[in-house]
Amino acid sequence: MRLAAALGAALVVGGCMTVPTRPELLVPTRARAKALERDGQLRPALLEWKVARAIDPGDADARANEARLTARIEGLVAAKLGDARAALQRGAPLQARHALLSALALDPSNASAAELLRGIGDVEFATHTVRAGETLASLAERYYGDRTRAEVIWETNRLPPGKPLAVGAVLRIPEIRGVPFHALGRTPPAAAVAAVAPPRGAERAAAPPPDEPPEVNPLLADVRDAVERKEFASALADLDRFLADNPRDREGAELRKLALYRQGQSAYEDKKYDDSYRSLTLLAKLQPDYQDAAALLQQARRQVVDEHYLQGIRLFREERLPEAIAEWKVVLDIDPQNVNARRNIEQAERLLKALEQRKSR
Amino acid sequence: MRALSLLVAVIVLGGCATLGVDRPTVARAGGGVVVGESDDFVVVVPSRTEHPDSLARTYLGDASKGWMIEDFNGGRRVFKAGERVVVPKRPWNVSGVAPTGYQLVPILVYHNLGAQSKGRLVLGADAFAEQMRYLKREGYRVVTLTEFVDWLRLKRQLPRKSVVLTFDDGYHAFRVYAYPVLKKLGFSATLFVYTDYVGAGRNALSWDELKSLAAEGFDVQAHSKTHADLRRASGETDAQYARRMQAELAEPPRLFERQLGRGVQFLAYPYGRVDDAVLARVREQGYAAAFTVRRESNPSFVRPLEINRSQIYSEMTLEQFARNLNLFHQENLR
């Protein structure tokens with residue numbers, strides 16, 4: 001009875017305003033999901049795939065994409081939390097803050113990220129306009145009384161590596177917990193310091209007790225930054241050197257895994273599946289259950305297999321038989337069970353032989 | 001004429017009522033056609049022009065959840081017949097952090113009100129009413145302080161255009177000038193009263209008035225005992241300071257319990273002043289949240305004992321008032 005009424009209503013409604021069909025509704029939803037993911041908005045993209053699945057619960061593509069993106073987000077969140085903890089340890093609260101916010105953007109109900117973020121609170125910083133002749137080290141000397149803190153300013157402002165400061169550039173100089181902070185600079189030329197924000201310290205009667213300055217291995221900090229900048233090759237080379245001298249260093253070993261993971265992930269995103277497969281295979285040898293690396297490795301493996309298989313087909317069609325065979329052999333190296341590749345190789349070899357026989361006649 | 005149009009309608013209806021195989025076939029009275037549904041979402045195509053609140057009544061059983069539909073569909077408040085509308089069935093972004101930045105919730109502080117503005121802290125009734133109508137017109141959703149604190153604990157998602165209203169000190173003028181406006185617009189508010197002031201003369205609210213306001217859903221919370229700066233005074237000994245803090249922080253909850261029959265969870269710092277020693281005492285006394293007057297909106301990860309509030313002064317124009325309503329901090333978090 002109720003069903004009949006509902007059906008009747010649907011007939012009337014459907015008839016008068018031409019409700020789009022499910023496939024019609026799915027097309028823009030899918031497009032939106034893909035565009036969002038391309039734009040790096042992973043969580044909104046995931047929600048859009050979930051909407052697609054609400055429109056059509058049987059849509060296998062939406063389901064697969066949702067699962068893939070969920071795994072990818074989980075991996076990224078774990079990595080961001082790791083980054084944040086490491087940044088906190090080396091006394092870089094602004095970096096930690098950014099990593100934690102990024103984790104929350106991926107997983108807005110992540111309680112650990114929210115809690116760590118609350119712990120950081122406000123980071124005070126001064127704004128500095130660069131004048132001729134100033135270097136990161138001279139700024140570190142002015143604000144922290146310590147030239148070796150240049151790194152923090154470089155990191156906070158995400159400056160390109162190895163380039164001199166641009167005159168007139170406005171830099172943020174963060175307070176480092178546990179390091180005396182001369183927010184106005186130790187020898188302040190009035191014009192150079194634009195503002196100090198937030199104007200809070202004045203209202204506080206007692207400053208929080210300074211924390212112990214954390215132990216930081218500068219080389220590992222550099223490596224971490226290189227990973228952050230996606231300069232994986234140099235990060236891994238530095239790590240190799242470091243681990244050769246300190247074979248038991250845990251942080252170094254962890255960092256190598258992180259670098260391989262990120263390298264694999266980044267290559268996958270750039271559709272460089274061979275590279276991704278190579279890095280993730282190395283990682284799997286170190287720790288098979290690293291985050292979602294196993295799943296990602298499987299995906300990369302599938303992509304590599306597909307890529308070489310299809311390349312083989314293309315070459316075969318162009319009658320470049322030896323090259324086609326080589327592509328399919330790569331497939332067999334990775335996936336020895338691949339029946340199609342095996343069969344294609346046999347067929348191509350037969351053809352090749354026949355051609356040679358004809359030629360020799 | 002009318003008969004003719006009716007006839008046309010019948011023909012049109014009859015003529016186009018053909019359904020394709022893949023056409024959605026579930027409809028609900030008033031809400032349009034349900035295209036599909038999962039645990040998270042209902043996807044709807046409205047049959048006529050609908051507002052988020054009307055769709056929320058149909059699909060979420062509660063018109064006050066209209067903000068969920070509004071926020072999920074790009075902040076739009078009108079949906080045309082035939083377009084796709086996604087109805088989220090549960091929260092989808094509790095902390096309000098997104099790849100492009102994060103949600104902020106402004107908390108406004110009012111003090112005394114009067115028939116006319118007088119000085120900075122006596123706001124004219126007309127100006128107040130104008131500000132409240134502005135909030136309504138612009139689609140702000142007034143949320144309670146309890147809802148706000150639940151948000152900090154990631155227990156609840158708040159509307160994108162949330163705002164909290166608070167009134168400090170406990171002036172009788174709240175009952176005269178603010179109450180009718182808030183009632184009419186359906187806005188909730190929190191009163192932070194300092195207990196020495198309650199029932200003290202013509203300008204203060206009495207415990208009875210507070211009790212009846214509480215019964216109507218207005219929230220009454222602590223603003224210390226004497227409204228003195230809670231930071232240690234110069235020359236105050238440890239023992240003196242401890243005794244003073246005990247009175248300022250522990251007595252209000254006791255009095256609230258006795259007079260209103262319920263405890264206190266929140267504290268507004270007198271003058272908004274706080275330091276680390278005060279924080280420690282407030283934490284010790286079990287306050288769940290405490291409020292300054294630092295002029296800034298709040299992210300969900302604000303520290304619960306240092307929540308920002310923006311004071312509204314009588315000399316502010318409507319435009320200046322609106323500048324306190326920051327709802328989003330843009331930051332690239334991709």
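1. Two residues are in contact if their C-beta atoms, placed from the backbone, lie within 7 Å. Keep that rule in mind for what follows. The model is a predicted one.

2. Start with B:Glu50. This residue sits in a loop of chain B, between strand E3 (41-45) and helix H2 (52-60). Set aside its neighbours within four places in sequence, and B:Glu50 is in contact with B:Gly32, B:Leu55 and B:Phe79. Look also at B:Val78, which is 28 residues away from B:Glu50 along the chain. The C-alpha atoms of the two are separated by 6.0 Å.

3. Is B:Glu50 buried or exposed? The cut-off for a buried residue is 20 or more other C-beta atoms within 10 Å of its own. B:Glu50 has 23 C-beta neighbours inside 10 Å, so it counts as buried.

4. Now take chain B as a whole. The chain has 334 residues, and 40% of them count as buried. Its secondary structure comprises 10 helices and 17 strands. Consider the contacts in chain B between residues at least 6 apart in sequence. Of these, 61% join residues at least 24 apart.

5. Strand E7 of chain B covers residues 107-110. In a regular strand, side chains alternate between the two faces of the sheet. In E7(B), B:Ile107 and B:Val109 point one way, while B:Leu108 and B:Tyr110 point the other way. All of these residues are buried.

6. Which strands are joined to E7(B) by bridges? One is strand E11 (residues 162-169) of chain B, joined to E7(B) by 4 bridges and running parallel. Another is strand E16 (residues 310-311) of chain B, joined to E7(B) by 2 bridges and also parallel. In E11(B), its bridge partner is B:Thr166. In E16(B), B:Val109 stands opposite B:Gln311.

7. Chain B also holds an open sheet of 3 strands, in the order E5-E6-E17, with antiparallel pairing. Its edge strands are E5 (97-98) and E17 (328-330), each of which pairs on one side only. E5(B) is joined to strand E6 (residues 101-103) by 2 bridges, and the two run antiparallel. Within this pair, B:Val97 stands opposite B:Tyr102 in E6(B).

8. Turn to chain A. Here there are 15 helices and 3 strands. Chain A has 361 residues, of which 38% are buried. Take the contacts in chain A with a separation of 6 or more. Residues 24 or more positions apart account for 55% of them.

9. One helix pair in chain A deserves a look. Two packed helices are described by the angle between their axes and the distance between the axes. Helix H3 (residues 42-55) and helix H4 (residues 60-89) of chain A pack at an angle of about 155°, with their axes 9 Å apart. Angles over 145 degrees count as roughly antiparallel. H3(A) and H4(A) are therefore roughly antiparallel to each other. Their crossing is left-handed.

10. Which residues of H3(A) and H4(A) meet? The H3(A) side includes A:Leu42, A:Ala45, A:Leu46, A:Trp49 and A:Arg53. The H4(A) side includes A:Ala62, A:Glu66, A:Leu69, A:Thr70 and A:Ile73. By class, the contact of H3(A) with H4(A) has 8 nonpolar, 2 polar and 6 charged residues.

How values were computed:
Residues numbered from 1 in each chain as written. Chains lettered and ligands numbered in written order. Predicted model: local features only at pLDDT ≥ 70, side-chain atom pairs only at ≥ 80, totals over all residues. Axes fitted to C-alpha atoms, helices over the stretch in contact; angles between N-to-C directions. Parallel < 35°, antiparallel > 145°, perpendicular 65-115°, else oblique. Left-handed = near helix turned anticlockwise from the far one by under 90°. Nonpolar A, V, L, I, M, F, W, Y, C, P; charged D, E, K, R; others polar. Buried ≥ 20, exposed ≤ 12 C-beta atoms within 10 Å, placed from the backbone. Pairing = 2+ DSSP bridges.
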